[in-house]
Amino acid sequence: MQKGRIEKERGFWSGFAGKYDRFMKRLGGAYSEMYSILLKEMKPGFNVCEIACGTGLVSMEIAPLVKKLSASDISPEMIKIAGEKARAAGITNADFRVMDAYGLDYPDGSFDAAVACNVLPLLFEPKQVLSELGRVLKKGGMLIAPTFCHGEGIRSRLVSRIMGLAGFEARTRWSLEGLEKFIGDSGFEIRENKVIKATIPLLYITAVSSGN
């Protein structure tokens with residue numbers, strides 16, 4: 001299963017890498033509001049981990065505001081594009097690596113903040129990935145997980161299923177309440193949540209490990 005999962009995810013996202021930025025522009029309004037919250041939480045001394053960074057859209061916003069950004073994605077093509085963007089922008093404090101979020105190659109307690117932007121619904125085992133993020137966070141470190149809630153109402157579920165036909169398969173369709181409960185049950189204490197209106201509502205969540 002593990003090998004099959006990696007091959008499936010890597011194949012899809014590598015094949016989509018060249019079209020990813022154009023697709024994401026359609027989410028401009030929701031992402032603009034998301035950035036306005038996210039960037040205020042970044043601090044100059046932070047070491048930040050970002051998983052599923054894609055082509056670096058969020059990474060390019062974060063990196064100028066923090067000490068170091070360690071960004072990863074399962075797709076080599078996504079990482080190639082993200083690295084090219086960083087070099088073109090003169091960003092030198094961001095490290096882009098091909099990595100599976102289910103087994104992050106970082107020591108325990110390495111980061112002040114971890115960013116998982118709109119990836120949780122796409123994962124086969126999101127709880128395992130949250131456990132990994134909790135492991136690599138420092139005591140009191142922040143989990144920032146803006147997430148589209150594909151199960152919030154009939155319209156969201158319908159749009160989600162149409163997206164699934166194009167390959168964007170939401171393996172978990174949480175409601176707003178369901179996502180909060182899931183993150184709480186995964187060992188995190190939610191400190192902030194805000195609903196951002198979109199075709200599929202986006203719940204912006206900041207949390208810390210309940211063990212920290």
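**View 1. Cover of helix 6.** The buried residues of helix 6 are covered by elements that include strand 1, strand 4 (111-116), strand 5 (137-144), helix 8 (176-185) and strand 7 (188-196), where helices (H or I, at least four residues) and strands (E, at least two) are DSSP runs numbered from the N terminus. The buried residues in question are Pro126, Val129, Leu130, Glu132, Leu133, Gly134 and Val136, with buried meaning under 20% relative accessible area, exposed over 50% and partly exposed in between, for a 1.4 Å probe and protein chains only. The model is predicted, so that local features need pLDDT of at least 70 and side-chain atom pairs count only at pLDDT 80 or more, while totals for chains, interfaces and linings use all residues. Residues are numbered from 1 along each chain as its sequence is written, and side-chain values use heavy atoms, with hydrogens and water left out.

View 2. Val136, placed in helix 6 (residues 126-136), counts as buried because its relative accessibility is 0%. Apart from neighbours within four places in sequence, Val136 is in contact with Leu104, Tyr106, Pro107, Asp108, Gly109, Ser110 and Phe111, contact being defined as heavy atoms within 4.5 Å. Between Val136 and Cys149 there are 13 residues of sequence separation and a C-alpha to C-alpha distance of 25 Å. Asn47, in strand 1 (residues 47-51), is likewise counted as buried, because its relative accessibility is 19%. With neighbours within four places in sequence again left aside, the contacts of Asn47 are Lys67, Lys68, Ser110, Phe111, Asp112, Ala113 and Lys138.

**View 3. The nonpolar cores.** Of the 41 residues in the largest nonpolar core, Met34 and Phe96 touch the most other members; such a core is a set of buried Ala, Val, Leu, Ile, Met, Phe, Trp, Tyr and Cys residues joined through side-chain atoms within 4.5 Å. Helix 3 gives the most to this core, with 6 residues. Not counting residues up to four places away in sequence, Met34 touches Val58, Cys117, Pro146, Ile196, Leu202 and Tyr204. A second core, separate and made of 30 residues, includes Cys49, Leu130, Leu143 and Leu179.

View 4. The structure holds 3 aromatic pairs, a pair being rings of Phe, Tyr and Trp (its six-membered ring) with centres within 6.5 Å, and planes under 30 degrees apart counting as stacked, over 60 as edge-to-face and the rest as tilted. The rings of Tyr31 and Tyr35 are edge-to-face, because their centres are 5.9 Å apart and their planes stand at 85°. Both tyrosines, Tyr31 and Tyr35, lie in helix 3 (residues 28-41), 4 residues apart, about one turn of the helix, and both are buried. Trp174 and Phe182 form a tilted pair, with 4.7 Å from centre to centre and 35° between the planes, and these two residues are also buried. The charged end of Arg5 sits over the ring of Tyr102, 3.7 Å from its centre, a placement that requires NZ of Lys or CZ of Arg within 6 Å of the ring centre and within 35 degrees of the ring normal. Arg171 lies over the face of Phe124, at 3.9 Å from the ring centre.

**View 5. The parallel strands 2 and 3.** Strand 2 (residues 68-73) and strand 3 (residues 94-98) run parallel and are joined by 5 bridges, pairing being assigned if DSSP finds at least two bridges between two strands. Within this pairing, Ala71 stands opposite Phe96 in strand 3.
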